[in-house]
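Hi everyone, thanks for coming. Today I'd like to walk you through one structure, with the sequence and the 3D view up on the screen.

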Amino acid sequence: MPGEVPEKARLQPVDESELHEKTLASLAPYRDQDGRIYTIWATLAHHEDALRRFLVFGNHVLGKNTLPLKSRELMILRIAARAQAAYEWDQHVRIARRAGLADGTILAAATGAGDGLDELDRVLLAATDALVETQNVDDDLWERLSAHLSTEQVIDVLYTVGQYLTIATVINTLGVRVEGDLALPLPLPTDSKDVPA
């Protein structure tokens, strides 16, 4: 799945002194511990109107999603690993750790090993792989999702995969760079056919 990532950033982050006040207000929650706007958002600020609209949707997926936090993070990490989107991987390893996920669980989800994952997470990762590969799930996987999740949660599965596949595409195409060292090495992608369902 992953393509060649540019060796250097194709777009540099916009300096916040160049941003409109309404964009700065939208980005207020998206700052690192030193108060800097995260690189992904500062890069997407080249199109301020679209960024502000995208953040509304992103806030639902990341902040108001009906899926269990740990499960959502495992899905995002699987997408980041499959796409080799280092920036997305790094940010969500940090979020997953804060949510209480151990590195072994993170790597099991990312590589498709499934070690230590419960049935719900195995179903969610199978759905993630199917959606990444075919933009669909078959009837069997639909039934498995429906057995574990409410209708709202199934829709949030679709939104989560769509959102983070979009972000992975943006990161890789624009060459968005990790802020510092990777929190955990990015594993090489695996074939989803190797993933236990």
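Predicted model: local features only at pLDDT ≥ 70, side-chain atom pairs only at ≥ 80, totals over all residues.

Residues are numbered from 1 along each chain as its sequence is written, and side-chain values use heavy atoms, with hydrogens and water left out.

Let's start with H5, residues 86-98, and H6, residues 103-111. Helices here are DSSP runs of H or I with at least four residues, numbered from the N terminus, while strands are runs of E with at least two. The axes of H5 and H6 come within 10 Å and cross at roughly 135°. That makes H5 oblique to H6; under 35 degrees counts as roughly parallel, over 145 as roughly antiparallel, 65 to 115 as roughly perpendicular, and the rest as oblique. The axes are lines fitted to C-alpha atoms, for helices over the stretch in contact, and angles run from 0 to 180 degrees between N-to-C directions.

Which residues of H5 and H6 meet? From H5 we have Trp89, Val93, Ala96 and Arg97, and from H6 Asp103, Ile106, Leu107 and Ala110. Contact means heavy atoms within 4.5 Å. This contact has six nonpolar, no polar and two charged residues. For the classes, Ala, Val, Leu, Ile, Met, Phe, Trp, Tyr, Cys and Pro are nonpolar, Asp, Glu, Lys and Arg are charged, and the others, Gly among them, are polar.

H6 also packs with H4, at an angle of about 55° and with the axes 8 Å apart. So H4 is oblique to H6. On the H4 side, the contact is made by Leu74, Leu77, Arg78 and Ala81, and on the H6 side by Thr105, Ile106, Ala109, Ala110 and Thr111. Six of these residues are nonpolar, two polar and one charged.

Next come H7, residues 119-134, and H9, whose axes come within 10 Å and cross at roughly 55°. Here Leu124, Ala127, Thr128, Leu131 and Val132 in H7 meet Val157, Leu158, Val161 and Leu165 in H9. By class, that contact has eight nonpolar, one polar and no charged residues.

Now the pocket. How many residues line the largest pocket? There are 28, and Tyr38, Trp41, Leu62, Gln91 and Ile95 lie nearest its centre. A pocket, on a 1 Å grid over the protein atoms alone, is an open set of points where a 1.4 Å probe fits, with protein on both sides within 12 Å along at least five of seven lines; lining residues have an atom within 4 Å of a point. H5 gives the most to this lining, with eight residues. The lining divides into 12 nonpolar, seven polar and nine charged residues.
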